[in-house]
Amino acid sequence: MTEFTQLVERRNTTSMKWDRMDRIYGIENTEDILPMWIADMDFKAPQPVLDALQGRLDHGVFGYSYVCEGCKDAVREWFSKRHGFEPKNEWMLSHHGVVPAIASVVETLTEEGDTVLLTPPVYPPFSSVPSMQHRTLEECRLTEGDGQYSLDLEKLEDSLKKNVKLFIFCNPHNPGGIVWPVDVLQEVVRLCAKYDTLILSDEIHADLVFAPHKHTPLHLAAGDDYKRIITCVAPTKTFNLAGIQAAMMIIPDDALRQKLQDNGMAHGQMELNAFAGTALQAAYRHGESWLETLLDTVSGNMDYVVDTLPAQVPGVRVTKPQGTYLLWIDYRGTGLSEDEMMDKLLNKGKLALEPGTKYGEAGRGFLRMNVAACRSTVEDGVTRFVRAMD
């Protein structure tokens, strides 16, 4: 597919990735900096999605819209086919993104001062959202060895003993790229049930998994305890639709779902916009072949970086993740501090990556690189990294 080899000019399109680096990195002129930081792709969305959006635009009337059963059917059928998980339509509530959904769950199902559990290094809103709502954070750091992460279940239980009300779980994990084994998922649910802890399972990267690994929805590992799980899913990472803002919360428990629905009403949260429902249905119904090509493209880009970057930069290690389109680069062997590394990358290499401490102190010594781009862009990124360290 040509969309995976075509360079798309994204500057001056109100792109956070390309047009906000000045604010993010504190650099006045960013015209010569290559952004490989925030997690959106440089690829166009699947053609069926573009066609569906064009059809909706051509209709020309954009009055109040709602999430129809067709949207929920598309979600159910996609997850049934891809992941063996068939959520009921009545379990689903729409939201304007997974992060807003997390905020709603924290606000609705916990109180100020309650303890929320995280497993850093992890996606920053997992900590910032509860913190800004005056919740207490409990951290169970992932165990790291040679760039590979695992979850220490004994430490997890020690954390859960501290009256944790909500565990925000990243499945698959960002930024570590872990596709959690079924036995780990089962133990996570068992321990949370033992200590009466709700689980919010962020599964936005569920579709971005490389063979032979396979994503398992936490719901499927939960057995009789599935009602304590709220699963957040979205087509936005899978099909590069983050700006469309569409997500679903899958909530099997009637009482929890009603509380979240009431919270949405209390905040005047309306339905998804007219374009979001259109894009969601088209992506889930007609985007599978595009996704398969994407996975091959990203996997090849990752192999290139894994093979090339450590060979040219002493002290840098890169392990291919099991999922996501994000590389977690270990530079601890260089002896550089985070400030020194970022200065070299930005000012000498003209390359914008994400510093590991953005994901918590557990991320110190690492960088996150987004390789969902044309191979020529990825090669340029590696060249800039090498130049920065020369």
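1. The strands involved are β3 (residues 115-118) and β7 (residues 164-170), which run parallel and are joined by 3 bridges. On terms, two strands count as paired if DSSP finds at least two bridges between them. Strands (E, at least two residues) and helices (H or I, at least four) are DSSP runs, numbered from the N terminus.

2. A word on the source before going further. This is a predicted model, in which local features need pLDDT of at least 70 and side-chain atom pairs count only at pLDDT 80 or more, while totals for chains, interfaces and linings use all residues. Residues are numbered from 1 along each chain as its sequence is written, and side-chain values use heavy atoms, with hydrogens and water left out.

3. Back to the sheet. β3 and β7 belong to an open sheet of 7 strands with mixed pairing, in the order β2-β10-β9-β8-β7-β3-β4. At its edges are β2 (92-95) and β4 (136-139), each pairing on one side only. On average, neighbouring strands here are turned by 25° against each other, direction ignored; axes are lines fitted to C-alpha atoms, for helices over the stretch in contact, and angles run from 0 to 180 degrees between N-to-C directions.

4. There is also an open sheet of 4 strands, antiparallel in its pairing and ordered β11-β12-β15-β14. β11 (317-318) and β14 (354-355) are the edge strands; each has a single partner strand, so one side of each is left without a neighbour in the sheet. β11 and β12 (residues 326-330) run antiparallel and share 2 bridges. Valine 318 finds its bridge partner in β12 at isoleucine 329.

5. Now a helix pair. α5 (residues 98-109) packs against α11 (residues 254-266) at about 105°, with the axes 10 Å apart. That makes the two helices roughly perpendicular (65 to 115 degrees; under 35 is roughly parallel, over 145 roughly antiparallel and the rest oblique). On the α5 side, Ser104, Val105, Glu107, Thr108 and Leu109 meet Leu256, Lys259, Leu260 and Asn263 of α11, contact meaning heavy atoms within 4.5 Å. The residues of this contact divide into 4 nonpolar, 3 polar and 2 charged. Here Ala, Val, Leu, Ile, Met, Phe, Trp, Tyr, Cys and Pro count as nonpolar, Asp, Glu, Lys and Arg as charged, and the others, Gly among them, as polar.

6. How many disulfides does the structure hold? The count is 0, a disulfide being a pair of cysteine sulfur atoms within 2.5 Å. For cysteine 140, the closest cysteine sulfur is in cysteine 192, 11 Å away, which is too far for a bond. Cysteine 140 is buried at 1% relative accessible area, and cysteine 374 is buried too, at 4% (buried is under 20%, exposed over 50%, partly exposed in between, with a 1.4 Å probe and protein chains only).

7. Two cis peptide bonds deserve a look. One runs from proline 120 to proline 121, with omega near 5°; proline 121 sits in the loop between β3 and α6 (125-132). Another joins asparagine 174 and proline 175, with omega about 20°, and proline 175 lies in the loop between β7 and α8 (182-194).

8. Glutamine 245 has phi near 65°, lies in the loop between α10 (236-239) and β10 (247-250), and is partly exposed at 43% relative accessible area. Lysine 350 has phi near 60°, belongs to the loop between α14 (338-349) and β13 (351-352), and is partly exposed at 24%.
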